[in-house]
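User: Hi, could you walk me through this one? I'm still learning how to read structures.
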Amino acid sequence: MMTSVDTDLMRVLADPLRLRIVNLLARETLCSTHLIEETGARQTNLSNHLKVLREAGVVDTEPCGRFTYYRLRPDVIASLAGQFADLAETARATVENNVKRSCP
């Protein structure tokens, strides 16, 4: 049973703007122009955040003419959700079995 969560991915998703982008991309594939309109972020700021999401494997890109569309990779989010589910199951077993370390 896995009891740790991918901390690198958590750091990537901990940023409020990146989390907002992920939420938007969960609903539809969007280009950076759409994301700027939806988030109110400046283009350079948004581009930097999209780069972080791409490098972390959270989003994929799709060139379309002079635009680049971004889409969420649901497998990455599902994997993270599974890690949290495993962590919750470990915690549940710890509580049910009253597992605690004794003090020295």
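This is a predicted model: local features need pLDDT of at least 70, side-chain atom pairs count only at pLDDT 80 or more; totals for chains, interfaces and linings use all residues.

User: How many bridges hold β2 and β3 together, and in which sense do they pair?
Analyst: Strand β2, residues 59-64, and strand β3, residues 67-72, are paired over six bridges in the antiparallel sense. Looking at individual partners in β3, C64 is bridged to F67, while P63 has T68 as its bridge partner.

User: What's the order of the strands in the open sheet?
Analyst: The sheet has three strands in the order β1-β3-β2, with antiparallel pairing, and its edge strands are β1 (30-31) and β2, each of which pairs on one side only.

User: Ok, and which helix packs on that sheet?
Analyst: That is α2, made of residues 16-27, which touches β1, β2 and β3, and whose direction makes about 90° with that of β3.

User: Switching topic: at what angle do α3 and α4 pack?
Analyst: Helix α3 (residues 32-39) and helix α4 (residues 43-55) pack at about 110°, and their axes lie 10 Å apart. Angles from 65 to 115 degrees count as roughly perpendicular, so that is how α3 and α4 are described relative to each other. The crossing of α3 past α4 is right-handed.

User: Which residues make the contact?
Analyst: From α3 the contact involves S32, L35, I36 and T39, and from α4 it involves Q43, L46 and L50.

User: And how do they divide into nonpolar, polar and charged?
Analyst: In the contact of α3 with α4, four residues are nonpolar and three are polar, while none is charged.

Note on methods:
Residues are numbered from 1 along each chain as its sequence is written. Side-chain values use heavy atoms; hydrogens and water are left out. Two strands pair if DSSP finds at least two bridges between them. Helices (H or I, at least four residues) and strands (E, at least two) are DSSP runs, numbered from the N terminus. Axes are lines fitted to C-alpha atoms, for helices over the stretch in contact, and angles run from 0 to 180 degrees between N-to-C directions. Angles under 35 degrees count as roughly parallel, over 145 as roughly antiparallel, 65 to 115 as roughly perpendicular and the rest as oblique. A crossing is left-handed if the near helix is turned anticlockwise from the far one by less than a right angle, and right-handed if clockwise. Contact means heavy atoms within 4.5 Å. Ala, Val, Leu, Ile, Met, Phe, Trp, Tyr, Cys and Pro count as nonpolar, Asp, Glu, Lys and Arg as charged, and the others, Gly among them, as polar.
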